[in-house]
Amino acid sequence: MSRIRRSERLGKLPPYLFVEIDRVKNELLESGADVVDLGIGDPDLPTFPEIVSALREACTDPATHRYPLQRGDPSFKRAIARWYEARYGVSLDPEREVLPLIGTKEGIGHLPLAVMNPGDVALIPDPAFPIYPAATWLAGGEVRLIELKEQEGFLPSFTGLTPRDLDRAKLLFLNYPNNPTGAVADIAFFKTAVDFAREHGILVLNDAAYSEVIYEGPRVSLLQIDGAKDVGIEFHSFSKTFNKTGSRLGFAIGNPEALEALATVKDNVDSCVFTAIQRAGEAALALPDERLEELVDTYRRRRDVLVDGLHKAGWNVPRPRATFYIWARVPTAERSQEFCARLLRDGHVVTTPGVGFGAAGDRYVRMALTTTEDRIAEAVARIKRML
Ligand SMILES: Cc1ncc(COP(=O)(O)O)c(C=O)c1O
């Protein structure tokens, strides 16, 4: 028998909840069933062609196939600083306040190793992207959940934390625009978060992976708050903004000490992003704003097909102001997993049970707008029969 054992840290990670849904989905597909997939948040539309051309060209330059040192291509870091200032009005020092990442998830996964010691606490919303607790546990940290309540706009309140929580807390995870709830934060909330982090000596991180998928209202960023760079960093992703989940690319901006610590972890584990992908990233950031607006319009139309359709079917789901997710209360007495399993089994529609994002999500279901309007209309017709 093998003597290899999994680490105790891995043992802390919850079982992967989506496995069963994925198994049933694949069985259905193999049996020839017509499955509508509103499950995973992976854009169905192709990467913008300008980005693919830039990537193709960069790949033919032998220099791009060497180790990508310097913690990111200086020209790419300058392009990030220019793009961020143009969209958010905040200037960044490209060398100290910008760090390219192999996708946002990579940066989030490594950050707790950079800023937490075993036994330190991370404050994590519930529900949330499951990587936040996983990254904390992998670094030997502890998780203190803060429930996000619908009646509070799915924004965390810091008032319920005990002095002991606050003493041990080193990192606060925020994610606005939010997955899975679709909630947005305003400047007033970000100011509260920055003040709270400053008062308690906590690093606040906003995961802004959906920053550009906004239907109504202003685009806001944590770093727009005066003094936010003293205590905060923000993660941006090319995945959702440019339909680019495969050729992995993201960046962290903000507090130089936190970025330096994260870069030190990365120096030792990944040697940064493939240079050709960084050059393609420069091409992405040079795209005119209208191209991003067209993409958002596509999601807006899909959102309205789903929301209006479900309203007509008698399920009063909220209409999100951002992200490509609909987060709705389960309209029956079922728990989220039972409801989603039934939609899949009897309606061949894939959705994600809210409990996959934390216990507070158990009465909710998430539907992703990553398929066409026709397919969404088809999903609505099927769901209607099962309410
Ligand atoms: C909230 C959130 N953050 C980060 C990511 C991952 O982004 P990336 O592809 O840049 O790693 C996702 C992907 O679904 C997400 O939902």
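Because the model is predicted, local features are reported only at pLDDT of at least 70 and side-chain atom pairs only at pLDDT 80 or more, whereas totals for chains, interfaces and linings use all residues. Residues are numbered from 1 along each chain as its sequence is written, and side-chain values use heavy atoms, with hydrogens and water left out.

The protein is divided into domain 1 (8-46 + 290-384) and domain 2 (49-285), with bounds that come from an automatic or database domain assignment. Taken over C-alpha atoms, the centres of domain 1 and domain 2 are 25 Å apart. The contact (heavy atoms within 4.5 Å) involves 34 residues of domain 1 and 36 residues of domain 2. The size of an interface is often given as the accessible area lost when the parts come together. Here about 3,100 Å² is buried between domain 1 and domain 2, and carbon and sulfur atoms account for 58% of it; buried area is the accessible area (1.4 Å probe) that two parts lose on being put together, summed over both. Of the area that domain 1 buries against domain 2, 21% is supplied by L292, R321 and T323, more than by any other three residues.

Three salt bridges are counted between domain 1 and domain 2, a salt bridge being a side-chain nitrogen of Lys or Arg within 4 Å of a carboxyl oxygen of Asp or Glu. By this rule the overall count is 32 salt bridges. Another joins the side chains of D61 and R279, at 2.9 Å from N to O. This second pair links distant parts of the chain, 218 residues apart: D61 is in the loop between α3 and α4, and R279 is in helix α11 (residues 275-285).

Helices (H or I, at least four residues) and strands (E, at least two) are DSSP runs, numbered from the N terminus. Helix α5 (residues 104-115) packs against helix α6 (residues 131-138) at an angle of about 35°, and their axes are 7 Å apart. Axes are lines fitted to C-alpha atoms, for helices over the stretch in contact, and angles run from 0 to 180 degrees between N-to-C directions. In this contact, K105, I108, G109, P112 and L113 of α5 meet I131, Y132, A135, T136 and L138 of α6.

In the loop between α3 (49-59) and α4 (74-88) lies Q70, a residue other than glycine with a positive phi, near 65°.
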